[in-house]
Amino acid sequence: MATLSEIQALLGEPRFNWSDPAPWIELEQELGIEFPADFREIVDAYGSISINGQLYLKHPAGHLLHSLGKYIRLDLELWREEDMAEYLPSPVGANPGELMPVATATTGEAVFLRVPDDPSSPWRVVVQEFDSPAWTLYEMTFSEWLLDYLRGRDVTLCSRNFAPDRPFYEFLP
């Protein structure tokens, strides 16, 4: 699994550094899942941000305009619609094998975490290309997927055009 320090080396020092677990606990109880530790660690460090002006990550703190909880509730509703469900390899939700929406991109992609089939299995990343029925399962953790994205590797989202010099982030308004 990639580490936060590897991500920081490429993206820069985080400035959010959230330490109160209450928003996570509340959201996880509502959804019936426990998010993977690497995802929580990254989002706690950076908060609600735009990476390379392309990828949006959101934190669950309720006082934020761009809250992960609000985003997930809206996206679960969207992806459960009959005409949208056909674009994913499995249903959205918190049950084993289902997909939990966690990020979006300005280029039309949706990023999901695939709920493990059993508690000892790792979470995986699925990226859906919103303008087509195409999706890709990445056999890697969220931190590994994000690290590949920051390195400019093809993980459906490609940052080379958005960050030609080096990856960057900015807080969402």
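Hi everyone, let's start with two strands: β4 (residues 109-114) and β5 are antiparallel and joined by six bridges. Strands here, like helices, are DSSP runs numbered from the N terminus, with at least two residues (E) for a strand and at least four (H or I) for a helix. What you see is a predicted model, where local features need pLDDT of at least 70 and side-chain atom pairs count only at pLDDT 80 or more, while totals for chains, interfaces and linings use all residues. Residues are numbered from 1 along each chain as its sequence is written, and side-chain values use heavy atoms, leaving out hydrogens and water.

Staying with β5 for a moment, L113 stands opposite V125 in that strand, and V125 also has Y138 in β6 as its bridge partner. Four bridges join β5 (residues 124-129) to β6 (residues 135-138), again antiparallel, and a hairpin of five residues connects the two.

Now the whole sheet. It is open, with seven strands in the order β6-β5-β4-β3-β2-β1-β7 and antiparallel pairing; two strands pair if DSSP finds at least two bridges between them. At the edges are β6 and β7 (169-171), each pairing on one side only. From one strand to the next, the twist averages 30°.

Which helix lies across β1, β2, β4, β5 and β6? That is α6, running at about 145° to β2 (55-57). The angle is taken between N-to-C directions, from 0 to 180 degrees, using lines fitted to C-alpha atoms, for helices over the stretch in contact (heavy atoms within 4.5 Å).

On to the inside. Beyond four places in sequence, I51 touches L11, L57, L146, Y149, L150, F168 and Y169.

Finally, the rings. Phe, Tyr and Trp rings (six-membered ring for Trp) pair if their centres lie within 6.5 Å, being stacked under 30 degrees between planes, edge-to-face over 60 and tilted otherwise. That gives 10 aromatic pairs. F16 and W18 are stacked, because their centres are 5.5 Å apart and their planes at 10°. F39 and F142 are edge-to-face, at 5.0 Å and 90°. This pair links helix α3 (residues 37-46) to helix α6 (residues 142-150), 103 residues apart.
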